[in-house]
Amino acid sequence: MAKYFDVHPDNPQRRAIGQIVDLLRQDGLIAYPTDSAYALGCQLGNRDGLDRIRSIRHLDDRHHFTLVCRDFAQLGQFVHVDNTVFRAIKAATPGSYTFILPATKEVPRRLLHPKKKTVGVRIPDHVVVQALLDELGEPLVSSTLLLPDHAEPLTQGWEIKDELDHVLDAVVDSGDCGTEPTTVIDFSAGEPEIVRKGAGDPARFE
């Protein structure tokens, strides 16, 4: 059974954040709100958590997982970013964008796109997620909580607990966070390619 955490959206309770991060460090898998829909998240080295995300979402090995990062200093440890790309990403973050970039050796191989050796990264504009990342001290491996038979991501914490209680360790609820996933921009070839239009305005990359 998944534990249910009701977390204040503007002033996250320190005790709750600590308990959620403890679960993550014990190889837990959580559902948590972001600035663009709910996501599934686990710690970087959590192989079982990764397998559970693949199973829940029916993903193949070509799916780009996302490293949800606290800030640019953290993001720069995991992807290669040249000056031009850096400026473009910097201007759009924090926000509802995911950027696909060449991964550094810090990223476990099982997270990489098998042919491109790329990974998704993002810096969310969400108080609760930032509190979790501060406490965890490393990125969260994430994927939008979009179930195979659903047209849109789940939006309500109680609904997620009801549907996925048997496969999650925790559900974090801090109110509605919308149904639109991030806008995905692929910078792996140097020029921006819009892979998915979502919550972030794609116009700046067109």
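How many aromatic pairs does the count come to?

Modeller: The count comes to six aromatic pairs, where rings of Phe, Tyr and Trp (its six-membered ring) pair if their centres lie within 6.5 Å, with planes under 30 degrees apart called stacked, over 60 edge-to-face and the rest tilted. Phe187 and Phe205 form one of these, an edge-to-face pair with 6.0 Å from centre to centre and 80° between the planes. Phe187 sits in the loop between S9 and S10 and Phe205 in the segment after S10, so the pair ties together parts that are 18 residues apart in sequence. Helices (H or I, at least four residues) and strands (E, at least two) are DSSP runs, numbered from the N terminus. Both Phe187 and Phe205 are buried, that is, under 20% relative accessible area, with exposed being over 50% and partly exposed in between (1.4 Å probe, protein chains only). Tyr97, Phe99, Phe187 and Phe205 form one aromatic cluster.

This is a predicted model, in which local features need pLDDT of at least 70 and side-chain atom pairs pLDDT 80 or more, while totals for chains, interfaces and linings use all residues. Residues are numbered from 1 along each chain as its sequence is written, and side-chain values use heavy atoms, without hydrogens and water.

The segment after S10 also holds Gly198. At 13% relative accessibility, Gly198 counts as buried. Gly198 lies 14 Å from Ser143, C-alpha to C-alpha, and the two are 55 residues apart in sequence.

Next comes the largest pocket. A pocket is an open set of points on a 1 Å grid over the protein atoms alone, where a 1.4 Å probe fits, with protein on both sides within 12 Å along at least five of seven lines; lining residues have an atom within 4 Å of a point. The largest pocket has 25 lining residues, and His63, His64, Thr66, Val184 and Arg196 lie nearest its centre. Elements that give two or more residues to this lining include strand S5 (97–102), strand S9 (183–186) and strand S10 (193–196).

For the whole chain, the protein has six helices and ten strands. Buried residues make up 55% of its 206 residues. The C-alpha atoms fill a box of roughly 45 × 35 × 35 Å along the principal axes. UniProt, in an unreviewed entry, lists residues 14–200 as "domain: YrdC-like"; positions follow the numbering used here, feature names are shortened, and annotations may be inferred rather than shown by experiment. Over residues 14–200 the chain is 31% helix and 22% strand.
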